[in-house]
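User: I would like to learn how to read contacts and overall shape from a model. Could you take me through one case?

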Amino acid sequence: MDSQKIIVIIPTFNEINNLPILINLIVEQNIPDLTILIVDDNSPDGTADCARDLSRTYDDLICVLGIPTKQGLANAYKKGFAWALSKGYDVLVQMDGDLSHNPGYMKPMINKLDSYDVVIGSRYIEKGKISDKWSFLRKGISSFGNFTIRNILLVPVRDITSGFKVFNHQAAKAINWNKIYCTGFGFQSEVTFQCHKLGYSIFEMPILFEDRLHGKSKMTFRILLETIVKIIIIRLFRFSKV
C-alpha cells in the first residue's frame, strides 16, 4: 500500500445524512495518499454541496463530480472511473455511499492486491454476512438475484452483485464501459464478468454487509427482474463481443 495513489469512488444520490459519517470513517483509516471522489447523480437533497463543504473541512481530500441530470448508478461509476484513471491512480476502490460498506475493510482489501488484481467484499462466502436488520424478503431478493446472475454468467464469484470492490490500475483500465448494458446495480455483475473473462485474478474477502443508516434501499423485485432479463440477453447475444 506504500507509495500507491489510492482513490475511493463513491456514487451518491440523496445521501446527505450518510455522507459526513462515511467520510469521517474513511479518514479514520489513516490510509496514505488517499483521495475520495464523490460522483453525485444530481441529488435534490444537496448531497453534492455537502460533499464540497466536507472537502474544505478535510483539506481538499475530497473531489466532487456533479452530474447535471440523473443518469443512474452505472453512469456515475463510468464517469468516476474515467476521472480516476485519467489522474493515474494506482488503486481504485468503489463503495456505496449509504454506510452499508464498512471502510474498516478497505486496508485488508487493498493489501490483497499484492496477490490479486481485483478484490471483492463478499456477503456470500464463508464468514460473510448480511445485517440482521434486513427483512427476510430483502435477504431473499438479494440471494436469489445473486445466485441467478452468477449462474447465468458462469462466473466463479459467490457475490457477483457486490458493489464493494478494489481494483489495481491495470484491471480497472481494462473494463470496457461501452460493453456495460445495465444502468442500475446489475452493472456490478457485468464488471466482474469482464474482469473474469479478461483473465484478471479475483479474490473474495468476507464482509458484514451493513444496513443503511439513513434513507431507504433503492432495490425492488421489479428492478431485480429487469436486471436478470438484461443479464440473460448479455449472456445469450453479447457474450462473444466482450
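Analyst: We begin with the term itself: a contact means heavy atoms within 4.5 Å. The model here is a predicted one, and in it Asp33 touches Ser3, Gln4, Lys5 and Ile6, leaving aside residues up to four places away in sequence.

User: Where in the chain is Asp33 placed, and how many residues apart in sequence are Asp33 and Ser3?

Analyst: Asp33 sits in the loop between helix 1 (19-27) and strand 2 (34-40). Asp33 and Ser3 are separated by 30 residues in sequence, while their C-alpha atoms are 7.5 Å apart in space.

User: For the protein as a whole, what share of the contacts between residues at least 6 apart in sequence joins residues at least 24 apart?

Analyst: The share is 81%. Along the principal axes, the C-alpha trace spans about 50 × 35 × 35 Å.

User: What percentage of the residues is buried, and how is the surface made up?

Analyst: A residue is called buried when its relative accessible area is under 20%, and buried residues account for 49% of the 242 in the protein. The accessible surface comes to about 11,400 Å², with 53% of that area belonging to carbon and sulfur atoms. As for charge, there are 29 positive and 24 negative side chains, and the centres of these two sets lie 9 Å apart.

Note on methods
Residues are numbered from 1 along each chain as its sequence is written. This is a predicted model: local features need pLDDT of at least 70, side-chain atom pairs count only at pLDDT 80 or more; totals for chains, interfaces and linings use all residues. Side-chain values use heavy atoms; hydrogens and water are left out. Buried means under 20% relative accessible area, exposed over 50%, partly exposed in between (1.4 Å probe, protein chains only). Accessible areas come from the Shrake-Rupley method with a 1.4 Å probe; for residues, only the protein chains shown count as cover. Lys and Arg count as positive and Asp and Glu as negative; His and the chain ends are not counted. The place of a charge is taken as NZ of Lys, CZ of Arg, CG of Asp or CD of Glu. Helices (H or I, at least four residues) and strands (E, at least two) are DSSP runs, numbered from the N terminus.
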